[in-house]
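Below is a walk through one protein model, taken residue by residue and then on to its ligand. Keep the sequence and the structure in view while reading.

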Amino acid sequence: MANEGEKEAAGRAGATLVRDGDVVGLGTGSTAYFAVVALGERVKAGLKIIGIPTSVQTADLARAVGIPLTTLDEHPEIDITIDGADEVDPQLRLIKGGGGALLREKVVASASKKVIVVADSAKIVPVLGKFPLPVEVISFARTVVEKKIVALGALPKLRTKPDGSPYLTDNGNPILDCSFGEIDDPPALALALSNIPGIVEHGLFIGLAKLALIGKESFVEEIRA
Ligand code: 5RP
């Protein structure tokens, strides 16, 4: 599949930017997967790094490929984070959380000196919002939050597992996937969502990524914020 090749090229390109001694934020998803695998190869070849995973899934993968792990409590400053995205706009504002790891991903990104986005070319959009915005909420507040999100102009849909039960994040919370359509003012929406009690985190990542590595058919394009 074309996108798989693009994801692998982007993920591997991201892994080359990691330097000896770095504390590395390890993203979640099918593109970050390739970065973690490539980092595992570099570790086997002698690279000394320590990783902070953004999900249980990534922690398991990192252990399997031999990347030593640490916690944010031990290393609250991260040198470089490599993570995927569901949408990337020309200012490197992102929608994230398709894989459900948005909360830990945002905490890790916010603690990072450099955030590198790795993605296939389908993720590049002129305006954010075609991909439903993931919003992590506490179960107690779900219905109240849904009403407030509807008032902001979106259709929230509870994310479910294949058996129909609510999907829960690694933090034990449900996710509302919110179809806003084109988001004209992402910072204003981010602020409005952050001000709703009961929302734990939303998937708008603004001002966090400084470089995106986008897999194209035969090369990797660099986009800087
Ligand atoms: C997980 C994420 C992922 O980075 C995002 O969903 C992109 O995933 P993929 O690389 O599989 O397309 O935000 O919460």
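Does V200 count as buried, partly exposed or exposed? The model is a predicted one, and in it V200 has a relative accessibility of 29%. Buried means under 20% and exposed means over 50%, with partly exposed in between, so V200 counts as partly exposed. V200 belongs to strand β10, which covers residues 199–202. Setting aside residues up to four places away in sequence, V200 touches L103, E136, V137, I138 and N173. V125 is 75 residues from V200 in sequence, and the two C-alpha atoms are 26 Å apart in space.

R12 is placed in helix α1, residues 2–16. Its relative accessible area is 29%, so R12 is partly exposed. Beyond residues up to four places away in sequence, R12 touches F34, V37, A38 and E41. With E41 there is also a polar contact between the side chains, at 3.0 Å. K216 lies 204 residues from R12 in sequence, with 13 Å between the C-alpha atoms.

Strand β3 comes next. The strand spans residues 78–83, and I80 is found in it. I80 has a relative accessible area of 1% and is therefore buried. What does I80 touch, not counting residues up to four places away in sequence? The list is L17, V18, D22, V23, V24, G25, K114 and I116. A111 is 31 residues from I80 along the chain, and the C-alpha atoms of the two are separated by 9.3 Å.

D83 is also found in β3. With a relative accessible area of 4%, D83 is buried. Its contacts, leaving aside neighbours within four places in sequence, are G27, T28, A32, K96, E105, I116, V117 and V118. V36 is 47 residues from D83 in sequence, and the C-alpha atoms lie 9.7 Å apart.

Where does K96 lie? K96 is found in the loop between β5 and α4, the latter being residues 102–110. Is K96 buried or exposed? Its relative accessibility is 4%, so K96 counts as buried. Apart from neighbours within four places in sequence, K96 is in contact with D83, G84, A85, D86, L102, E105, P134, G203 and F205.

L92 sits in another loop, the one between β4 (87–88) and β5 (94–95). Its relative accessible area is 0%, so L92 is buried. The backbone of L92 deserves a look as well. Most residues other than glycine have a negative phi. Phi of L92, however, is near 60°, a positive value in a residue other than glycine.

The last stop is the ligand. Where does the ligand sit? The ligand sits in the largest pocket. It is surrounded by 18 residues, the closest being S30, T31, D86, G97 and K123. Two helices, α2 (30–44) and α4, each supply at least two residues of that shell. Some distances from ligand oxygen atoms to polar protein atoms can be listed. An oxygen atom of the ligand is 2.9 Å from a polar backbone atom of T28. For a polar backbone atom of G99, the distance to an oxygen atom of the ligand is 3.3 Å. E105 takes part through its side chain, where an N or O atom is 3.0 Å from an oxygen atom of the ligand. Taken alone, the ligand exposes 380 Å², and the protein buries 92% of that.

Two of these residues link back to the earlier stops. T28 and E105 are among the contacts of D83, and E105 is also one of the contacts of K96. D86, among the closest residues to the ligand, is in contact with K96 as well.

Notes:
Residues numbered from 1 in each chain as written. Predicted model: local features only at pLDDT ≥ 70, side-chain atom pairs only at ≥ 80, totals over all residues. Heavy atoms only, no water. Helix = DSSP H or I, 4+ residues; strand = E, 2+ residues; numbered from the N terminus. Buried < 20%, exposed > 50% of the residue type's maximum accessible area, 1.4 Å probe, protein only. Contact = heavy atoms within 4.5 Å. Near = heavy atom within 4 Å. Polar contact = N/O pair within 3.5 Å; in protein donor to acceptor, adjacent residues only side chain to side chain. Areas by Shrake-Rupley, 256 points an atom, 1.4 Å probe, with all protein chains shown as cover. 1 Å grid on protein atoms, 1.4 Å probe; cavity = no way out; pocket = protein on both sides within 12 Å on 5 of 7 lines; lining within 4 Å. Sits in = over half its atoms within 2 Å of the grid points.
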